[in-house]
Amino acid sequence: MEGEPVRNAVIIAVSLAAGVVIAAHCSLATAQPIESGAVANESRIAVGGASLYARAIGRGQPVVVLHGGPDFDSGYLLPDLDRLKDAFRLFYYDQRGRGRSAEGVRPEDVSLSSDLEDLDKVRQHFGLKAPALLGHSWGAVLALEYALRYPTRVSRLIIMNPAPASASDLALMRKAYLEKLGADADRQREIVASAAYQAGDPEAVVARYRIHFKPAVMRPEDYERLMATMKERFISQGREGIVKARAVEDRLYRDTWQVPGYDLVPRLRRLRIPAIVITGDHDFIPAEVADHIARALPGAERVVLEDCGHFSYLECPADVRRALDGFFRRAGSTAR
């Protein structure tokens, strides 16, 4: 990019409405090892009679990380996303009612509005004026909603493997997803309907997500590593935490995708925040979902990583790093 050689990568820049498309070959050979130098600092942030678990690590440009799900917590992103810690100060947190932020929370107390206000509390807690936001999967929806509500409090948007930003794109995703699952869809429905799954049994939940994410990860070794991490997080949550997070997820869906005509895309056109939209060419979410977001965000960069799936930070870490380094270099480095 910008005339510099990229190891084991083919970069193709194509004009796309208001943005740029970059396709890069993912290469495991270029992945850098996860260093153990920086120590993570953990803290609690008071919100609405409860508290959020937060974790900060690294140095450099501040980036608040928004996990997906929305019934997951930030644990599935680790340790892989920490590879960025030598260039970025990463601020993770478990969203309210999920993971280590579940204690004392009633699902009915969580909403899209409360999640946006919680994100603002995280920003204030760490003394950040306008950090970059990195939203993975569902976290991308939360990042976009926050940027629309508080545009002056966001310096950069990193939209990674985004979930749909509209109800129509959700329908598109569901159709493609069922086609990818094929016969496995019936087995997944059986698991979801079982008493064990409904009660939040971690083993049943893991069995379901093994099917759910099978078409989302390209290489078997990455898939097994992801599932091992998720299994650990589900066991840590326990039955009560899993059921609570699931109820929170239902509430957030009612506030977004289930709202008649829900569509962030037209509103994104008014944002003037530098943005990069990253996906893999083997993501189980159709490319059109990310394309619609990238086209709407003025001047956004669209990055497609080849031989990479829905968890690009895990599957193609070196290419993600190069994309972010180039993005921050081009967009400037004034975030604080």
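This is a predicted model: local features need pLDDT of at least 70, side-chain atom pairs count only at pLDDT 80 or more; totals for chains, interfaces and linings use all residues.
Residues are numbered from 1 along each chain as its sequence is written, and side-chain values use heavy atoms, leaving out hydrogens and water.

**View 1. Strand β6 and its two partners.** Strand β5 (residues 61–66) runs parallel to β6, joined by five bridges. Strand β4 (residues 50–58) pairs with β6 in the antiparallel sense, also over five bridges; here Ala 56 sits opposite Phe 91. Strands pair if DSSP finds at least two bridges between them, and a strand is a DSSP run (E, at least two residues).

**View 2. How covered is β6?** Of the six residues in β6 (residues 88–93), five are buried, meaning under 20% relative accessible area with a 1.4 Å probe, protein chains only.

**View 3. Helices α4 and α6 side by side.** Helix α4 (residues 184–193) packs against helix α6 (residues 202–212) at about 160°, the axes 9 Å apart. That makes the pair roughly antiparallel, a label for angles over 145 degrees. Axes are lines fitted to C-alpha atoms over the stretch in contact, with angles from 0 to 180 degrees between N-to-C directions. A helix is a DSSP run (H or I, at least four residues).

**View 4. Where α4 meets α6.** Asp 184, Arg 187, Gln 188, Ile 191 and Val 192 in α4 touch Ala 204, Ala 207, Arg 208, Ile 211 and His 212 in α6, with contact meaning heavy atoms within 4.5 Å.

Definitions and conventions. Angles under 35 degrees count as roughly parallel, over 145 as roughly antiparallel, 65 to 115 as roughly perpendicular and the rest as oblique. Buried means under 20% relative accessible area, exposed over 50%, partly exposed in between (1.4 Å probe, protein chains only).
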